[in-house]
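Please look over the model below before reading the report that follows.

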Amino acid sequence: MLFTSNNSFFGCLIIQLPLLSHRVNVAMFHLQNVQLFGKPMRLSSSKFSYVEIKGNNEAGLTEDYTQSKLHRFSKPGSKNFHNIFPPSSTLHLSNLGPDCTEEKIKEIFSERNFNVKAFEFFQKNKTMALIQLQSMEEGIEALINLHDFELDQSHHLRVSFTKNSLID
């Protein structure tokens, strides 16, 4: 992302992905013109084959996430590849600890101004749940803001889109 000198969002994001694979095309298809922070996303392929991080990056204009723990697709053959879905208002939550309650999760989302419409733990596995928010835009913003949120010392929230819905 590019920022101005006063740290306000400039409006441009360049992402380097492995060769234009099917997954990249699917992601671009599902994100094209989707509202994020009140503005539609516009996606296109670059004529450049890679993003070069020059110098010491004092301005903080570039970031390398290839080794980030937030990178859900860094392990080849990961089951995450089978669970890539378009943005939605319903999110899949995982890595919930044994002491995690519906009230705690709703409070975490509400404190960040996300409007929770419905919540449901998985019946057979209480470490996972679905949460439905007011809109797709809220779902995207919640994923951005709460993926890897520290629930306790040994549990960080994992957030992803889902094909499921709690409310029709």
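## Terms and basis

A residue is called buried when its relative accessible area is under 20%, exposed when that area is over 50%, and partly exposed in between, with a 1.4 Å probe and protein chains only. Helices (H or I, at least four residues) and strands (E, at least two) are DSSP runs, and they are numbered from the N terminus.

This is a predicted model, in which local features need pLDDT of at least 70 and side-chain atom pairs count only at pLDDT 80 or more, while totals for chains, interfaces and linings use all residues. Residues are numbered from 1 along each chain as its sequence is written, and side-chain values use heavy atoms, with hydrogens and water left out.

## The chain as a whole

The chain holds three helices and eight strands, and from the N terminus on these elements follow one another as α-β-β-β-α-β-β-α-β-β-β. Of its 168 residues, 27% count as buried. If contact is taken as heavy atoms within 4.5 Å, then residues 24 or more positions apart account for 59% of the contacts in the chain with a separation of 6 or more.

Two strands are said to pair if DSSP finds at least two bridges between them. In this sense four strands form an open sheet in the order 4-5-3-8, and the pairing is antiparallel. The edge strands, each of which pairs on one side only, are strand 4 (116-121) and strand 8 (158-161). Neighbouring strands of the sheet are turned by 25 degrees against each other on average, with direction ignored; for such angles, axes are lines fitted to C-alpha atoms, for helices over the stretch in contact, and the angles run from 0 to 180 degrees between N-to-C directions.

Strand 3 is joined by four bridges to strand 5 (residues 129-133), and these two run antiparallel. Four bridges also join strand 3 to strand 8, again in an antiparallel manner. Leu 93 stands opposite Ala 129 in strand 5 and opposite Val 159 in strand 8, whereas Leu 91 stands opposite Ile 131 in strand 5.

## Inside strand 3

Why can strand 3 be described as largely enclosed by the rest of the structure? The description holds because five of the five residues of strand 3 are buried. Thr 90, His 92 and Ser 94 point one way from the strand, while Leu 91 and Leu 93 point the other way.

Thr 90 lies in strand 3 (residues 90-94) and is buried, with a relative accessible area of 2%. Its side chain makes a polar contact with the side chain of Gln 132 (3.2 Å); a polar contact is a pair of N or O atoms within 3.5 Å, where, within protein, one must be able to donate a hydrogen and the other to accept it, and residues adjacent in sequence count only if both atoms are side-chain atoms. Leaving aside neighbours within four places in sequence, the residues in contact with Thr 90 include Leu 130, Ile 131, Phe 161 and Leu 166.

## Helix 2

The buried residues of helix 2 are Ile 105, Ile 108 and Phe 109. Seen down the axis of helix 2, these buried residues fall within an arc of 90 degrees, so they line one face of the helix; the arc is that of the directions from the helix axis to the C-beta atoms. An α-helix has 3.6 residues a turn, so residues three or four places apart point the same way.

What covers the buried residues of helix 2 includes strand 3, strand 4, strand 5, helix 3 and strand 6 (150-152). On the other side of helix 2, Glu 103 and Glu 111 are exposed. Just after this helix, Asn 113 takes a positive phi of about 65 degrees.

## Helix 3

Several residues of helix 3 are buried, among them Ile 140, Ala 142, Leu 143 and Leu 146. The buried residues of helix 3 pack against strand 1 (35-36), strand 3, helix 2, strand 5 and strand 8. Helix 3 is followed by Asp 148, whose phi is positive, near 75 degrees.
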